[in-house]
Amino acid sequence: MSLQVAPINGTHIHYSQSGPKDAPVLVFSNSLGTDLRIWDDVVAALSDRFNIVTYDKRGHGLSGIGDAPYDIALHANDLIGLLDHLGLGKVIICGLSVGGLIAQKVTQLQPERVRGLILCDTAPKLGDYNGWNTRIEAIKADGIDVLGDAIMERWLSPTFRKDRPLETAMYRDMLVRTTEAGYIGTCVALRDGDLREAAGKIAVPTLCICGSDDLATPPDVVREMATMIPNAEFELIDGVGHLPCIETPELLTRLIDRFTKEKNLV
Ligand SMILES: O=C(O)CC1=CCC(=O)O1
């Protein structure tokens, strides 16, 4: 399939769409420093029954960087713009880490559009102001590569890194090849983003998922989010880090399948 790209909010957004066009729409939103390929195994398993959209948020993958200062609302409006461009109305959103904040923000901006949320390894607020500034300053001084190994420890469980060194190296490359402007811009968005007040107003079925070995958004953080969102469910995936879509796509697929069936979203 040829690459698909859309003009959105003054830049271009690279996306992929697969599955039956009349099926329920399931959109995946990525984490910091990753591109849409992290969902490949999940998409392959679900694209017989969902109309699936994956995309690279601005500054990541093959999308443009744009000129606007980044914040979570800008990323959310990019996703809304992409859905409008594709003529997609109501959607289920699965957001990972910063993608989870983007999903929550879209729900806040267009509550009527979102039918359900799957929030993986995320929270309404991630990290603290000084922590993000330290990361931003380190990257400005020396580039993303200096943080590559430390970030792999946050992303991937010790078992994955030990047993799958080539893939670990590949995901490290994905990270360090992210544009510096896009990465730092998204760190700023995370530093300043706080959706805790809005979390209590989310009124759609929500499943919160976390890997037990997630060092970026540890289970307690995700569990707390589940208590803030009315009627949200929480699932812990044992032995997995920050990116269940990479480490255990089969289990993530089963959780999405079960949740969407139980909540009558399919
Ligand atoms: O890079 C990390 O620490 C993991 C992460 C934080 C926000 C996000 O999207 O990924």
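## The sheet

Two strands are said to pair if DSSP finds at least two bridges between them, and strands here are DSSP runs of E with at least two residues, numbered from the N terminus, as are helices (H or I, at least four residues). In this predicted model, local features need pLDDT of at least 70 and side-chain atom pairs count only at pLDDT 80 or more, while totals for chains, interfaces and linings use all residues. Residues are numbered from 1 along each chain as its sequence is written, and side-chain values use heavy atoms, with hydrogens and water left out.

Strand 2 (residues 11–18) and strand 4 (residues 51–55) pair in the antiparallel sense over four bridges, and Gln-17 has Val-53 of strand 4 as its bridge partner. The open sheet has eight strands in the order 1-2-4-3-5-6-7-8, with mixed pairing, and its edge strands, each pairing on one side only, are strand 1 (4–8) and strand 8 (233–237).

## The ligand

Around the ligand stand 14 residues, the closest being Leu-32, Ser-97, Val-98, Arg-135 and Arg-154, where a residue is near a molecule if one of its heavy atoms lies within 4 Å of it. By class, this shell holds nine nonpolar, three polar and two charged residues; Ala, Val, Leu, Ile, Met, Phe, Trp, Tyr, Cys and Pro count as nonpolar, Asp, Glu, Lys and Arg as charged, and the others, Gly among them, as polar.

A polar side-chain atom of Arg-154 lies 2.6 Å from an oxygen atom of the ligand, and a polar backbone atom of Leu-32 is 2.8 Å from a ligand oxygen atom. Helix 5 gives the largest share of the shell, three residues.

Definitions and conventions. A polar contact is a pair of N or O atoms within 3.5 Å; within protein, one must be able to donate a hydrogen and the other to accept it, and residues adjacent in sequence count only if both atoms are side-chain atoms.
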